[in-house]
Amino acid sequence: MGTATQHVSSARNGLRAAGTLLIAALWLFVGAASAEDYPADSQIEWNSFDPELFDRAEDQNQPLFFYFHGQWCTWCIDFQNESLENPMVVDILNEEYVPVLIDLDRRADLFTRYGGRGLPFVVITTPDDDVISRFTGHIRADGLYRILERQQRVVSVTGREETPAEEPITTVDGFLEMLDQVYVADADRLSGSALFGTLSKRPQPWTYRFLLDQEKWAGRMPGLLDQVAEDLHDPVDGGFFFFYDFDQRDPDRALETSKRLDQNAAFLWLFAHAWEETGDERYREIAEDVIRWLRDAMWDEDQRRFGNSQYADNAYYRLDPDERRATDPPRVDRTTYAHTSGQAIAALAASARIFDDDELLEWADTALRGVDAYLGIPAGFLHAVTEEGQPKLEGYLPAQIWPEIARLELRRAARALERNPTDTAAGEPDPQARLDRLQPFFDEDLNAHAERLDGELEPWTEVPTQAALAWWLHYLPAEAVAASHVDPAAVEAQLQIHPGADPDDIALGFAALQRGMPGED
């Protein structure tokens with residue numbers, strides 16, 4: 001439907017070249033970042049992350065205090081105003097700690113490395129990087145001060161902590177059994193308890209998409225889809241809010257009103273696929289509402305790129321629809337990330353195929369060309385480019401995977417709409433060469449692709465990234481994968497969900513296994 005869119009070594013050398021071009025091109029369009037953003041006016045002597053801070057902490061015989069936050073996050077703002085900036089907390093942090101402020105989106109690698117599940121997230125470590133405490137959520141100032149004063153061991157993250165006796169789930173059948181256990185029919189949610197643990201209250205759009213293809217769940221899915229839409233869908237501005245705590249009695253605190261590009265991409269793909277499977281027009285309307293939000297709020301028509309998140313603003317969303325339309329909407333973080341943009345483009349391309357929509361195809365094509373232009377380097381992709389045009393972080397594995405998934409979805413959509421894929425950003429297929437750009441990430445000791453290329457951090461893996469890699473492989477012909485350095489069996493071995501983790505971390509990986517990995521194009 002046309003109504004949906006009307007707008008449509010060598011790595012380091014590539015980074016320097018790309019950075020010069022990007023800054024020159026983008027500075028014409030953008031201004032400085034808003035002074036409203038934290039840590040403006042903070043009394044804490046914050047440091048940006050640098051591995052040399054561990055040496056400084058050792059010299060000073062002080063622990064490090066890592067605070068992960070998001071500018072879009074309501075709970076972070078509350079924690080900052082009510083706890084972090086409390087004078088007694090400020091004093092002890094400045095005098096007895098090395099405080100380090102980390103933006104979740106820009107350093108998602110560090111967030112996952114330290115086991116982050118939600119925001120605000122605090123990690124306290126020794127100078128040797130041994131974790132003393134880590135906790136998620138808004139702790140009152142007096143409680144935070146006691147933790148800091150005593151260097152108290154506190155381990156509390158969203159989700160349940162794993163104990164040594166608990167085994168991960170490694171098979172599709174085991175995953176389905178766990179989901180069956182946590183399904184709560186009366187509430188139409190995946191929120192119950194299982195032998196595996198109690199699920200978090202975060203939405204699970206990738207898991208719902210996986211379940212849409214399971215025959216046993218056909219009778220359950222309408223209720224699950226209706227409930228998540230009731231909880232999080234914004235019919236006025238479009239899109240899905242970030243989180244709803246159905247146990248929270250205070251309505252102002254129950255709904256986290258930020259909106260994120262990656263989560264909305266997953267919801268778009270989910271509801272487009274739900275319409276494809278059922279023909280229920282409600283699902284198409286919700287999908288088109290997400291597309292409207294992507295166009296109106298997140299898409300920069302002049303620069304041909306997506307922003308990453310829209311800030312929370314409870315007061316704005318309490319307005320009635322007419323008042324909202326007459327009021328400026330919440331701010332948008334205009335940083336462009338390769339992996340979240342890739343997810344949005346893949347969802348747009350899938351929607352173009354499902355809805356037989358040429359304008360959506362054109363938009364997905366334009367957006368992928370933008371990712372290639374702004375973030376592409378000879379070795380692959382940068383993690384991000386800021387609103388001001390500054391390139392951020394090379395060597396981040398998710399940034400290499402999701403643009404290629406988007407490329408394959410664009411190819412599928414072009415064929416479905418009887419377009420020549422080579423006339424789009426999908427280009428000529430060369431899956432072996434694109435897979436082999438991941439070779440520098442492969443770590444022999446892990447027998448897997450590491451999350452980061454960084455000689456100063458010990459290599460590690462992340463399940464959501466391994467699941468995305470499996471999803472990429474499932475598109476490809478077996479001979480192309482066999483000719484590359486990637487071993488599907490090694491990727492499959494990484495597909496494990498541990499107690500306390502979200503099903504969405506692994507859902508794409510198990511979907512790839514169920515469909516066949518590697519599959520046939």
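Is D372 buried, partly exposed or exposed? At 28% relative accessibility, D372 counts as partly exposed. Here, buried means under 20% relative accessible area, exposed means over 50%, and partly exposed is what lies in between, using a 1.4 Å probe and protein chains only.

Before going on, a word on the model. It is a predicted one, in which local features need pLDDT of at least 70 and side-chain atom pairs count only at pLDDT 80 or more, while totals for chains, interfaces and linings use all residues. Residues are numbered from 1 along each chain as its sequence is written, and side-chain values use heavy atoms, with hydrogens and water left out.

## The overall picture

The protein has 521 residues, and 59% of them count as buried. Its accessible surface comes to about 21,600 Å², of which 46% belongs to carbon and sulfur atoms; such areas come from the Shrake-Rupley method with a 1.4 Å probe, and for residues only the protein chains shown count as cover. As for secondary structure, there are 22 helices and 23 strands. Both are DSSP runs numbered from the N terminus: helices are H or I with at least four residues, and strands are E with at least two.

Let's start with strand β1, residues 64-69. Six of its six residues are buried, so β1 is largely enclosed by the rest of the structure. Cover comes on both faces: L64, F66 and F68 are buried on one side, and F65, Y67 and H69 on the other.

Which strands does β1 pair with? One is β2 (residues 98-103), parallel to β1 and joined to it over six bridges. Another is β3 (residues 121-125), which runs antiparallel to β1 and is joined to it by five bridges. Two strands count as paired if DSSP finds at least two bridges between them.

Toward β3, F65 has I124 as its bridge partner.

Strand β2 is mostly covered too, with six of its six residues buried. On one side these are V98, V100 and I102, and on the other P99, L101 and D103.

Elsewhere, three strands make an open sheet in the order β17-β20-β21, with antiparallel pairing. β17 (336-337) and β21 (391-392) stand at the edges with a single partner strand each, so one side of each has no neighbour in the sheet. Strand β20 (residues 384-385) pairs with β21 over two bridges, and A384 has K392 in β21 as its bridge partner.

## Salt bridges

Side chains of opposite charge can pair when their charged atoms come close. The structure holds 33 salt bridges, each being a side-chain nitrogen of Lys or Arg within 4 Å of a carboxyl oxygen of Asp or Glu. Here are some of them:

| Pair | Closest N and O atoms |
|---|---|
| R331 and D37 | 3.1 Å |
| D109 and R452 | 2.6 Å |
| R407 and D372 | 3.0 Å |

Take R331 and D37, which form a salt bridge. This pair links distant parts of the chain, 294 residues apart: R331 is in the loop between α14 (321-325) and β16 (332-333), and D37 is in the loop between α1 (10-26) and α2. R331 is partly exposed at 29% relative accessible area, whereas D37 is buried at 18%.

Next, D109 and R452 form a salt bridge. They are 343 residues apart, with D109 in helix α5 (residues 108-113) and R452 in the loop between β23 (448-449) and α19 (463-474). D109 is buried at 0% relative accessibility, and R452 is buried at 8%.

That brings us back to D372, in a salt bridge with R407. R407 belongs to helix α17 (residues 397-416) and D372 to helix α16 (residues 358-375), 35 residues apart. Salt bridges with shared partners join D372, E404, R407, R434 and R437 into one network. Within this group, R407 is buried, with a relative accessible area of 6%.
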